[in-house]
There are 2 protein chains.
Amino acid sequence: MSRILIKDGYVITMDGPPIEGGYVLIEDDRIAYVGREEQKADQVISAKGCAVMPGLVNAHTHAAMTLFRGYADDMPLQQWLEEHIWPVEAHLTDNDVYTGTMLACLEMIRSGTTAFADMYFHMDQAARAVEDSGIRASLSYGMIELFDEAKAKTELQEGGRFVRQWNNAADGRITTMYGPHAPNTCSREFLSKVKEQAVEDNARIHIHMLETEAELNQMKEQYGMCSVNMLDEIGFLGPDVLAAHCIWLSAGDMDIMAKKNVNAIHCPVSNMKLASGIAPVPELLSRGVNVALGTDGCASNNSLDMFGEMKTAALLHKVNAMDPTAMPAGEVLKMGTSNGAKALGIPAGILRQGMAADIILVDMHTPGLTPVHEPVSHLIYAARGPDVKTTIVNGQVLMEDGIVLSIDQEKVIEQASSAARRLADKAKAN
Amino acid sequence: MSRILIKDGYVITMDGPPIEGGYVLIEDDRIAYVGREEQKADQVISAKGCAVMPGLVNAHTHAAMTLFRGYADDMPLQQWLEEHIWPVEAHLTDNDVYTGTMLACLEMIRSGTTAFADMYFHMDQAARAVEDSGIRASLSYGMIELFDEAKAKTELQEGGRFVRQWNNAADGRITTMYGPHAPNTCSREFLSKVKEQAVEDNARIHIHMLETEAELNQMKEQYGMCSVNMLDEIGFLGPDVLAAHCIWLSAGDMDIMAKKNVNAIHCPVSNMKLASGIAPVPELLSRGVNVALGTDGCASNNSLDMFGEMKTAALLHKVNAMDPTAMPAGEVLKMGTSNGAKALGIPAGILRQGMAADIILVDMHTPGLTPVHEPVSHLIYAARGPDVKTTIVNGQVLMEDGIVLSIDQEKVIEQASSAARRLADKAKAN
C-alpha cells in the first residue's frame, strides 16, 4: 500500500472549517485521514504556504477543442459555428482528438482541475488521453440526431457502445455518460430512447439546455412548451442529468429542475463571450438546485482555467443582481469543487476519509496572493491556474512543484500546434 | 550607450500590422528601431515563441491597498468601507504604504504592467517604491476635502507639494497628477481651485467619477445636475483629466466627455465585485472617447493582473449588449496599452522609434496558449499574468525569464505579510 502524507498546509476540506497546519493522508487512491495529527507515510509532501483543497471539477467542456483556441472570436454564434468551427471540426481525425484532449488534460492538471465532464466525437481517443494523462473524467459521445431516424439509430448505438466499453476504465478514473446534444437538435422520441437506455446502463446524461434564446423560441414553436417542460414530460429529468448552460429558464422551469434534482452546469465565460445571456444562478441555488461550473470548450472561452471561471461567476452575478453580497466566495468554491463532483457522480470534491484522493496544493506564497487574510477569498478573487503547485488524482501525483509528471509537455505542445495548423489549412482550402 | 536587441518575437506594435520574427532595438531608455532587419546590440534577448508588445498600463489603482487584498469581500459598499476598509486604513504608516506599493509594483512587473496611475495617501513613500522598483507611474495624492474649508487648504497644499516635488523624478519614470477624490466628496469651489493649480503646474488630474448611483443622486440633489455637468460648468473637464469608473453616464454626459476629450478609466472587475454597475464603454468608444483600463485597488478586485481586466472587459460588454461582436480583442488590447499611455500622458503604449522602451514578452509556448492561431486573441482571452516572461521599463530589464531583478521578492512578501497582519490586528483591537 502506498501512503502519501500532505503536511503543514491550510486544509480547506469543503466539509467543515479549514484546518491550519493540517494533515491529509492518502492511502493508494483514497483519502485515509484529514486532521490535526501527524500520520506515518512513505512519501511526505510539504504544503507549507499552500492551500490544500479538493481538485476543481470542470463539469462541462469539449476537451479536444483546445485545438481551436483563438481560431475564431468576436462574431455572431451562427457565423462562428457555420463559417469557422464546423468546417474545421469536419477535418478532425482520431489522432487530433487524442492530441487535443491530451493538451486539455495537460492544461487542466496544470491549473488544478482533477476531473472533467466531456462531450465530443472520436471519444475512444479522448478516453485514451484521459487514461494516459492520469486525470479523471466523465466522458460522453455527443449525439446529434437532427430528427433523422437512421441517424438516431447509429448515434444511439455509438453512444451506448462508448458508455459500456469505457465505464470504470483506467482504474475507475473514467466514467461514461450519454451525450444527446440538445433538446432542439434531438427529437423527443430520440431523447426518450436515450433516457431509457441510460437508465438501463446506469449511466448519467450530459446535455446542453437553453443555452440560447433561439432554442427557447424553437421549442415553443415546435412543442408549444420550453425545453424543461418537454424534457419533464417525457420523464427525462432527474439527478442523473447534467444540463449545461441553463440560461433561458422561467421560474417554473427552475422549480421543475429543483424538484427533479437536475444538475445545472454554469459556464459564465462562454455565455458572456458568445453573448448567450446570464444564467439565473442565484435563483437556482436558492431553490436548492445543484449548480456546478464548466469552462465549455476552448473555442468559446478560450481557457480551461477553472480559477478564471470561478472569479467570473462570482463577479457576473454580483453586477447582474446589483448586489455585492450575491455569490460569495465560499459558495462559488463549492460550485467549483463539491457541486461539480456531485454532478459527475464521483466520490470527490470534499477532503474526507474514504473519498477519492483528488487533491491540489495552491501556492499562496506568491506576490499576487500576498498577504493572506482569508485563503478562500484568494482562491476565488486572486488565484489563477499557474498558482497551482501540485495536482494529485486518484492518489497519483500528476504535477509536483509545477512540473507535470504524467505527460510529456513539450511533445504535446508540438503535436497540438502541428495538428491545429493542419486543420486550419484544410478548412481554408475548402 | 546601452543597446538591447529583442529578436525572433511576434511583434505587436499597436501601430500597424504585427511583425512575425521582428526585431526591437532599445537604446538607453528609448525604442530605436522596430522592424524586420537585425540590428547590432550589446545584449540580445530571444523572444522565440513570445509575443513582444507594449507593456500594459493600469490607469486607475490604489497600489498600497495590496495590503488589504482579501481583507473583506462580498458585502455592501458602505459596510465594506465603513466597517472594514476605513478602520484598517486609519492605521497605515509611511512604511506600510512603501511596503504595500512595493508589493503592487512587484505584482505588476510580474504580470506585464509597466506603468500605473495611482491615487492614495503617504504618497512620498509610494513614489519611493516606484523609484526603487523600476516601474513607471503617474502618482497623485488623494485629496478628500469633504466640504471643509480648512481641509481644502491643507489638502491642496499637500497635493501641490507632492505634484511639484516628484514630477519627472526617477529618470522621468514618475510623473504626478492632482487627485481630488470625487465630485461628491469635494466641493465645487475646491475642484475649481484644483483645476486652476493643475493648469498652472501643467499636471493632470485623476478623479473618481460616477462610480455609484449614490453619487449621481447626491449630485442631482446638491447641484440639480450630475457630476459631468457640474465639472463641465466649472471648466474642469479636458484631455488632462482621468475620470475613473464613469458608470452612471447619460448620453449627454458622454457627448460632453467626447467633446472635452476626457479620459475614461474603465475598471470592470471592481465595478462588478462591488456591484457598482456597468460603464457604457462601447458607447464611449463609439463617440471617440479615450477609454483605458484600471484594476482599481486590490481590496475590490483582488488582483492587479491586467490580463484579467482585459478579458473581463471583453466579456462583460458582449453579454451586456447581447452582442458577441462587441469589444473585439484588438480594441481591448488598445485599451490596455496605447489608450492607457495616452490617458497618463506618457510616451508609451506603442512600439515605435522614439517611444519609451516599456516592453513585455509574453510566452506563448505554454499549454494554456497552445496552439497559436491568433496571438492578439490569446492576449485577451487566454493569457494570464504569469505568462509574462520578461518586463522592460524605460530600457531597464526588470524581470527576465520570470525572475524579477529589481526587487527582492521574498523580502517584500515577508514585509507585506507582516504589515498586513499588524494592520488587521490593530483594526480588530479598536
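Helices, of at least four residues, and strands, of at least two, are DSSP runs numbered from the N terminus. In that numbering, B:Asn302 sits in the loop that joins β13 (290-293) to α11 of chain B. The model is predicted. This briefing covers the cavities, the build of chain A, and some backbone features in both chains.

**Largest cavity**

- The structure contains 3 cavities of 30 Å³ or more.
- The largest cavity holds about 370 Å³ of space.
- Its lining is made up of 26 residues.
- Nearest the centre of the largest cavity are A:Gly308, A:Lys311 and A:Arg384 from chain A, together with B:Gly308 and B:Arg384 from chain B.
- Helix α11 (306-321) of chain A and α11 (306-321) of chain B each contribute at least two residues to the lining of the largest cavity.
- The top contributor to this lining is α11(B), which supplies 6 residues.
- By class, the lining of the largest cavity comprises 12 nonpolar, 7 polar and 7 charged residues.

**Second largest cavity**

- The volume of the second largest cavity is about 40 Å³.
- From chain A, the second largest cavity is lined by A:Asp73, A:Asp74, A:Met75, A:Trp80, A:Lys273 and A:Leu274.

**Build of chain A**

- Chain A has 15 helices and 17 strands.
- The radius of gyration of chain A is 21 Å, close to the 22 Å that the globule rule gives for 430 residues, so chain A is as compact as a globular protein of that length.
- The C-alpha trace of chain A spans about 60 × 45 × 45 Å along its principal axes.
- Of the 430 residues in chain A, 66% are buried.
- Among the contacts in chain A with a separation of 6 or more, 73% are between residues 24 or more positions apart.
- Chain A has an accessible surface of about 14,500 Å², and carbon and sulfur atoms account for 47% of that surface.

**Cis peptide bonds**

- In chain A, the peptide bond from A:Thr370 to A:Pro371 is cis, and its omega is near -10°.
- A:Pro371 is placed in the loop between β14 (359-363) and α14 (375-381) of chain A.
- In chain B, the bond from B:Asn301 to B:Asn302 is cis, with omega near 5°.
- The loop holding B:Asn302 runs between β13 (290-293) and α11 of chain B.

- B:Asn168 is not a glycine, yet its phi is positive, at about 65°.
- The site of B:Asn168 is the loop between α4 (149-166) and β9 (174-180) of chain B.
- B:His245 is another residue other than glycine with a positive phi, in this case near 90°.
- B:His245 belongs to strand β11 (residues 241-245) of chain B.
- B:His245 has a relative accessible area of 1% and therefore counts as buried, the cut-off being under 20%.

Conventions:
Residues are numbered from 1 along each chain as its sequence is written. Chains are lettered from A and ligands numbered from 1 in the order in which they are written. This is a predicted model: local features need pLDDT of at least 70, side-chain atom pairs count only at pLDDT 80 or more; totals for chains, interfaces and linings use all residues. Side-chain values use heavy atoms; hydrogens and water are left out. On a 1 Å grid over the protein atoms alone, a cavity is a set of points where a 1.4 Å probe fits but cannot get out, and a pocket is an open set with protein on both sides within 12 Å along at least five of seven lines; lining residues have an atom within 4 Å of a point. Grid points are joined across faces, edges and corners, and a volume is the space filled by probe spheres set on the points. Ala, Val, Leu, Ile, Met, Phe, Trp, Tyr, Cys and Pro count as nonpolar, Asp, Glu, Lys and Arg as charged, and the others, Gly among them, as polar. The radius of gyration is taken over C-alpha atoms; the globule rule is 2.2 Å times the number of residues to the power 0.38. Buried means under 20% relative accessible area, exposed over 50%, partly exposed in between (1.4 Å probe, protein chains only). Contact means heavy atoms within 4.5 Å. Accessible areas come from the Shrake-Rupley method with a 1.4 Å probe; for residues, only the protein chains shown count as cover.
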